[in-house]
Amino acid sequence: MRDSSPGFSRRGFIQSLALSSLAVGAAPGVAATTANKSGQDHQALGDSFVVEAGWILREAGGELELLRDGQVLVRRGVIEEVRAGRFSDALPRLKLPDQLLLPGLISGHTHCCSATPTRGIIEGPRSYARPLELVEQLSDDEMDALTALNLAELLRSGCTTHLEMSLSLRQAESYVRSAEPWGVRAYPGAMIPGIERLFAIWFRENDQVLMDAESGTLDEIAANLAFCKKHMGKGEGRILPMMSPHACDTQTPATMRALASAARELGTGLHIHLSQGQRETDTVKRLWGVTPTQWMESFGMLADGPVFGAHMSGLDWDIDPPILNKHGVVYAHCPSGGGAGNGTQPYPEALAAGMAVNIGIDTHSNDYIENLKLAVLYGQARHELLGEWDSGRESQRPTVWNAVEGATRIPAKGLGRDDLGVIKAGARADLISIEVSGMLNGTGALPPEPLNNLLYANGRMVRTVMTDGRVQVHDGMFVADDPQHILRDGGEVAKKIWRQLEAEDWFTPTPR
């Protein structure tokens, strides 16, 4: 995927072709047709422009509100003003009259390189372990092809900021190689222990395996700290690496102290699988006498900077939520974690406990809009079942407003970023637009309550994506690079992995 050829790059050509359709005063679809057929040279957006949208979800007076027929003035990557009336400036205009404009969506948990090698083959159900191990055996170029495809999918579905827990240091380097030139906002790090060592430690038969692995894990922590320092602030400040331990049940007191020290030195926080299942919580209680949350707090890991914890299906609901809330820890709820239809997570319980809940991606699906929708629908079903079972656990029925705020303002606040996750003056121009008036999720007219239309949408209905005012998706077309090239190269690598799995007789008959 790396193009070192001189002259005008393939990525630059694709961007110039698409952005030539962003004309002054012209609707994007019409301008694209004119540009492609007549070759007219329309003015691109540049560093100052206006976005006009049928609906805008803006922040005003500290509250979210929907603004009908609103306009957003952007200068040099920053939102300067949001209003209902027309700006008089003779600036380029991106007209989105039938679309909903949202802040760029934030995933508090991704494993970017690993979605497409497992998608569609683990729903048997089969274990995702072997496909993920094979990813690590790829060459750098092959790994870059996989990373680029998955990263493009994340952007294509409106996810502009990623807390990326790459499954190895090599995958983390691959992630940065794609994310930086595409203008992605990211908090990357490599999982510790990495995928090559993880399963032997995680699924150990006795705890001596964990103790014997301590030295290797300490080496990984040092290597990841060096990675973070090397890439800190790249991409004009958009790349801010953070430490990413796998989970508490794959750590020892020595590695926890080293992780806490490294995170404190970096100041960007921690990203971890936290009480991702009951087995983890039981293991940590057995070994150290406390819950994973309590154990992290004892090392000062919750107090120094942002902390995002994924899954949390094994929380001790009597002990953990007050501790997490005290430190502003964000729960990254991943509806499609483990693959499609792989059970639900405690989203309704977390809302009832007043926790900060983000909608995360995890691994197998990169469609953020689909995951946002699943969070609401799975969460509502779980809430009803908890009530029927009279479980005694407090639960709150999720709404689409909960999910949208959990995709925008809540993770931004957890990161300490008041310039992300909102559309208001002074915020970064991380913006996405979603078609809410067309077939399948609309009615042919601009809807009166457009957030509800997201419950019928998916990532293909995202029409515009920009980060710091830089357009990465225009009129539903990925323009940060050549999408056909990305699909072809990523597909070839996936086929290579499948061939190896077939040679190992990994594929088993799926239930009918």
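1. Helices here are DSSP runs of H or I with at least four residues, strands are runs of E with at least two, and both are numbered from the N terminus. Keep in mind that this is a predicted model, where local features need pLDDT of at least 70, side-chain atom pairs count only at pLDDT 80 or more, and totals for chains, interfaces and linings use all residues. Residues are numbered from 1 along each chain as its sequence is written, and side-chain values use heavy atoms, with hydrogens and water left out.

2. Start with the largest pocket, at about 600 Å³. (A pocket is an open set of points on a 1 Å grid over the protein atoms alone, with protein on both sides within 12 Å along at least five of seven lines; lining residues have an atom within 4 Å of a point. Points are joined across faces, edges and corners, and a volume is the space filled by probe spheres set on them.) Of its 26 lining residues, Y128, W202, Q276, H311 and G338 are closest to the centre.

3. Helix 6 (195-202) gives that lining its largest share, four residues. Helix 3 (129-135) supplies at least two.

4. The second largest pocket holds about 520 Å³. Its lining counts 21 residues, with A152, E153, R156, S157 and R460 nearest the centre. Helix 4 (140-156) and helix 18 (483-503) are among the elements that each supply at least two.

5. There's also one cavity of 30 Å³ or more, a cavity being a set of grid points where a 1.4 Å probe fits but cannot get out. H333, T344, Q345, Y347, Y378, G379 and R382 line it.
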